[in-house]
Amino acid sequence: MSAPTATADAAPMNRRQTLEALSGLLLVLFVAMLSSTVVSTALPKIIGALNGSQTQYTWVVTATLLTATATTPIWGKLADLFNKKLLIQVAIVVFLAGSVAAGFAHSAGQLIAARAFQGIGVGGLQALVQVAIAAMIPPRERGRYNGYLGGVMALATVGGPLLGGLIVDTSWLGWRWCFFVGVPVAVVALLLLQVTLHLPTVRRDNVKIDYLGATLIAAGVSLLLVWISFVDDSFAWLSWQTGAMVGGSVLLLALAVLVESRAAEPVVPLEIVRERTTALAILGSLAVGMAMFGGAVFLGQYFQIGRGYSPTEAGLLTIPMMAGVLLSSIVAGRLITASGKIKPYIVAGSIILVAGFALLGTIDHETSLVLVGAAMFIVGVGVGMTMQNLVLAVQNTVALKDIGAASSTVAFFRSLGGTIGVSVLGAVLARRVTDRITHDLAAAGIPTSGGSGGSTLNLAALPEPVQNIVRAAYGDATGHIFLISAGIAVVGILAALLLKPVTLRSSLDLPDTARSVAVAADAVDGAPAFDEVAVDVTGPGERARR
């Protein structure tokens with residue numbers, strides 16, 4: 001591998017300059033995360049206002065997840081070729097354009113397209129902010145800044161649903177401001193980064209971007225998701241459409257594996273995926289992603305359509321899950337740091353996650369909110385103990401030079417699992433709701449129009465007896481998809497149990513790698529470097545960043 005080519009655009013940044021640049025980066029990260037969380041409680045009202053269907057409700061979320069997942073590795077590769085600051089600014093512009101287009105959408109189809117474009121920018125921001133921070137701050141000093149990062153993530157995670165609910169409940173704002181609200185923040189971040197962020201351009205001459213592999217993966221997954229959304233509604237399970245879509249998806253993904261095995265720098269490095277700990281962490285992350293994203297997306301819909309609460313109230317009612325995530329992340333992280341053992345907490349978290357989803361699987365449109373809140377808190381505890389710790393388990397097994405590829409691979413599959421989970425559970429919910437509504441309308445003697453699998457979510461346009469039937473159908477069907485989530489999450493328990501019981505290393509690199517580097521340094525200048533380069537990267541701050 002050829003040596004990196006560095007262009008010194010700026011001198012090393014002092015602490016004040018680092019904090020100034022970090023403020024812009026944190027603003028960017030906040031607005032990227034906010035774009036996803038702010039619509040979680042507002043989406044039922046948004047889709048209702050656009051006369052959209054349950055299938056379209058699912059795709060508003062899936063479109064952003066899919067494009068962000070597919071483009072994240074490409075943004076990371078581009079960071080090895082071009083100026084990181086310029087790339088962040090390009091991603092902000094793409095995000096802004098998508099946000100504005102989503103705000104002006106006049107149909108659910110337009111909103112889905114705008115959200116897909118917005119997802120390209122979100123994928124870039126999520127990847128490049130981490131790259132920029134790593135380029136600014138040495139690993140030895142990075143821990144002191146991670147509290148800011150954790151605070152921003154917590155604020156976006158907890159505050160987004162509340163903000164979305166307040167916006168759609170405020171008559172002089174309206175749902176379009178769920179997409180416009182991030183625009184001024186992103187513009188400020190763009191200008192702030194132009195003034196404060198000064199990074200050297202470091203280019204690796206031999207970098208090759210695996211566009212073909214990324215395209216094949218995105219196309220294969222997209223085709224599969226389209227089939228999941230429309231099978232048993234627009235066409236039968238056994239039909240030529242099913243054969244074409246499923247067969248085409250399998251072929252595209254098989255070609256993607258072939259391309260990845262031969263690519264110089266693949267999007268998904270197969271040699272890392274084949275390592276036992278990484279493979280198990282990917283399996284566990286797929287299960288966690290499918291269960292968490294797929295289940296949590298529909299909680300806002302459950303509270304609003306199934307229970308009749310306002311978007312603001314729905315945002316408040318989702319706080320127990322977020323509280324569980326934050327609390328368990330902090331507590332488990334400190335215990336892991338003290339003991340160096342990680343497997344027991346991943347296993348415990350996986351079991352707790354399944355228990356939480358199983359409890360949510362019992363809910364219907366009349367379940368006590370205390371029980372629902374307790375179940376959500378348990379799910380949050382399970383997510384907090386597993387999600388980032390699965391990444392940490394992988395990072396502990398690979399050399400420093402491979403941490404970026406290994407971490408991004410696990411994150412890629414987690415997002416992929418979330419994308420598939422949202423689509424699959426959304427399709428199941430749509431079918432179950434339609435069957436229940438059709439049955440109950442017929443039992444009540446109310447004529448039906450032979451609606452499709454995606455019943456309208458505009459309840460205000462329905463007569464009160466029909467509204468009651470629709471609410472009961474959504475409230476009862478939501479418990480069913482949480483049971484499915486529990487079944488999916490069982491795979492995470494199996495993966496966690498098969499992990500090797502190891503003690504987390506306290507050195508930045510693998511001991512053998514660090515020792516060989518130190519010996520080489522001794523041979524050159526006699527400096528006893530091994531003990532000096534050992535850095536504890538398993539502290540709460542560093543782990544929280546991951």
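This is a predicted model: local features need pLDDT of at least 70, side-chain atom pairs count only at pLDDT 80 or more; totals for chains, interfaces and linings use all residues.
1. Terms for burial. Buried means under 20% relative accessible area, exposed means over 50%, and partly exposed covers the range in between, with a 1.4 Å probe and protein chains only. V188 has 47% relative accessibility, so V188 counts as partly exposed. V188 is in helix α9, residues 182-196.

2. Residues are numbered from 1 along each chain as its sequence is written, and side-chain values use heavy atoms, with hydrogens and water left out.

3. Overall make-up. The protein has 23 helices and two strands. Helices (H or I, at least four residues) and strands (E, at least two) are DSSP runs, numbered from the N terminus. The chain holds 546 residues, and 53% of them count as buried. Its accessible surface is about 22,400 Å², with 68% belonging to carbon and sulfur atoms. Accessible areas come from the Shrake-Rupley method with a 1.4 Å probe; for residues, only the protein chains shown count as cover.

4. Contacts along the sequence. Contact means heavy atoms within 4.5 Å. Take the contacts in the protein with a separation of 6 or more: 83% of them involve residues 24 or more positions apart.

5. A salt bridge is a side-chain nitrogen of Lys or Arg within 4 Å of a carboxyl oxygen of Asp or Glu. The structure holds three. One joins D169 and K45, with the closest N and O atoms 3.6 Å apart. D169 lies in helix α7 (residues 146-169) and K45 in helix α2, so the pair ties together parts 124 residues apart in sequence. D169 is partly exposed, at 33% relative accessible area. K45 is also partly exposed, at 38%.

6. Salt bridges at R436. R436 pairs with D440, and their closest N and O atoms are 2.7 Å apart. Both sit in helix α19 (residues 403-443); being four residues apart, they are separated by about one helical turn. R436 is partly exposed, with a relative accessible area of 30%. D440 is buried, at 16%. R436 also forms a salt bridge with D476, at 2.8 Å from N to O. D476 lies in helix α20 (residues 464-498) and R436 in α19, so this pair ties together parts 40 residues apart in sequence. D476 is partly exposed, at 21% relative accessible area. Through shared partners, the salt bridges join R436, D440 and D476 into one network.

7. Packing of α14 on α18. Helix α14 (residues 299-306) and helix α18 (residues 369-395) pack at about 170 degrees, with axes 13 Å apart. Axes are lines fitted to C-alpha atoms, for helices over the stretch in contact, and angles run from 0 to 180 degrees between N-to-C directions. The two helices are therefore roughly antiparallel to each other, a label for angles over 145 degrees. On the α14 side, L299, Y302 and F303 make the contact; on the α18 side, L369, V372 and M376 do.

8. A buried threonine. T278 is in helix α13, residues 276-296. Its relative accessibility is 0%, so T278 counts as buried. Leaving out residues up to four places away in sequence, T278 touches I272, V273, V394 and T397.

9. Nonpolar surface patch. L327, I330, V331, L335 and F377 make a nonpolar surface patch of about 430 Å². Patches are made of residues with over 30% relative accessible area and no salt bridge: like charges are joined within 9 Å, and nonpolar side chains (Val, Leu, Ile, Met, Phe, Trp, Tyr) within 5 Å. Helix α16 (residues 319-339) gives the largest share, four residues. V331 is in that helix. At 43% relative accessibility, V331 counts as partly exposed.

10. Backbone point to check. Which loop holds N51? N51 is in the loop between α2 (43-49) and α3 (54-78). Its phi is near 55 degrees, a positive value in a residue other than glycine. Most residues other than glycine have a negative phi. N51 is exposed, with a relative accessible area of 55%.

Definitions and conventions: Angles under 35 degrees count as roughly parallel, over 145 as roughly antiparallel, 65 to 115 as roughly perpendicular and the rest as oblique.
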